[in-house]
Amino acid sequence: MTIIGLTGGIGSGKSTVSRRLEAHGVLVLDADRVAHELMERGRPVWRAVWEAFGWAVLDACGALDRARLGRTVFGDPVALGRLNALVHPAVRAALRERTAAAAAAGVPRVVWDVPLLIEGGLYREVDQVWVVYAAVEQQVERVMRRAHASAGEARRRVAAQWPLAAKVAYADRVLDNTGSEEDLARQVDALVAAWGAS
Ligand code: ADP
């Protein structure tokens, strides 16, 4: 089993790469999606989060209200650290379990799609790190277009993260998304085709 850690920065094209890999039938485990699942009402992480942050982070149905939770931790590094300490270990455990199950079923490789792969240290557990790279101005422009954000807002969101150039230093492969989406798709196709040949 080969584990590939896929990461990037906001608007760099990571989700576009993930979708392309899935279209090729590659197993992709999306850390954000796993986190959503683990925070569903009744799950242990759901309980741990509202016990830590109080009833105010629940909606009328008792589900975690992600917008309220986001506002609770926004700009408060201590609160964000507490939330991450409740969620991240459970996400990591789920990724490991699902990977082990896939390996047992004979799946040859899995892609872990993790926004904070490098920052969170999970890059140490993968066999290869792939970083999707775009220039800062392209990230800003793509975030503006996708999220209908203002230039200032998009710029703040990009600036809040590690610069992609720093992530590239950890990369075994860099997917260059400074061109068109078709260029990016061709790079993914070539990597998948190379597996077929090996
Ligand atoms: P990420 O997951 O890294 O935040 P996405 O894959 O969601 O990034 O891409 C962000 C937005 O930019 C999406 O709307 C996507 O369609 C668009 N996009 C991605 N790559 C390109 C590209 N090469 N040229 C133009 N737009 C792109």
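The buried residues of helix H2 pack against strand S2 (27-30), helix H3 (44-53), helix H5 (77-104) and strand S3 (109-113), where helices (H or I, at least four residues) and strands (E, at least two) are DSSP runs that are numbered from the N terminus. This is a predicted model, in which local features need pLDDT of at least 70 and side-chain atom pairs count only at pLDDT 80 or more, while totals for chains, interfaces and linings use all residues. Residues are numbered from 1 along each chain as its sequence is written, and side-chain values use heavy atoms, with hydrogens and water left out.

Helix H2 covers residues 31-38, and its buried residues are Ala31, Val34, Ala35 and Leu38. They lie on the same side of H2, because they cover an arc of only 100 degrees around the axis; the arc is that of the directions from the helix axis to the C-beta atoms. Here buried means under 20% relative accessible area, exposed means over 50%, and partly exposed is in between (1.4 Å probe, protein chains only). The N-terminal end of H2 is capped by Asp30, which has a side-chain oxygen 2.9 Å from the backbone nitrogen of Asp32. A polar contact, as the term is used here, is a pair of N or O atoms within 3.5 Å; within protein, one must be able to donate a hydrogen and the other to accept it, and residues adjacent in sequence count only if both atoms are side-chain atoms.

After H1 comes Gly25, whose phi is positive, near 85 degrees.

A nitrogen atom of the ligand is 2.7 Å from an N or O atom in the side chain of Asn177, a polar side-chain atom of Arg142 lies 3.4 Å from a nitrogen atom of the ligand, and a polar backbone atom of Gly9 is 3.2 Å from an oxygen atom of the ligand. Taken alone, the ligand exposes 560 Å², and the protein buries 83% of that, with accessible areas coming from the Shrake-Rupley method with a 1.4 Å probe; for residues, only the protein chains shown count as cover.

The side chain of Gln138 reaches the backbone oxygen of Thr178 at 2.9 Å. When neighbours within four places in sequence are left aside, Gln138 is in contact (heavy atoms within 4.5 Å) with Asn177 and Thr178.

Another buried residue is Thr7, which lies in strand S1 (residues 2-7) and has 0% relative accessibility. Its side chain reaches the backbone oxygen of Pro115 at 2.9 Å. Leaving aside neighbours within four places in sequence, Thr7 touches a list of residues that includes Lys14, Val114, Pro115, Trp130 and Lys167.

The loops deserve a look as well. In the loop between H3 and helix H4 (66-73) stands Asp59, which counts as partly exposed at 29% relative accessibility, and the side chain of Asp59 reaches the backbone nitrogen of Cys61 at 2.8 Å. Ala56 is placed in the loop between H3 and H4 and counts as exposed at 54% relative accessibility. Ala56 and Arg68 are 12 residues apart in sequence and 7.7 Å apart in space, C-alpha to C-alpha.

Most residues other than glycine have a negative phi. His148, although it is not a glycine, has a positive phi of about 50 degrees. His148 is found in the loop between H6 and helix H7 (151-159), and it is exposed, with a relative accessible area of 71%.
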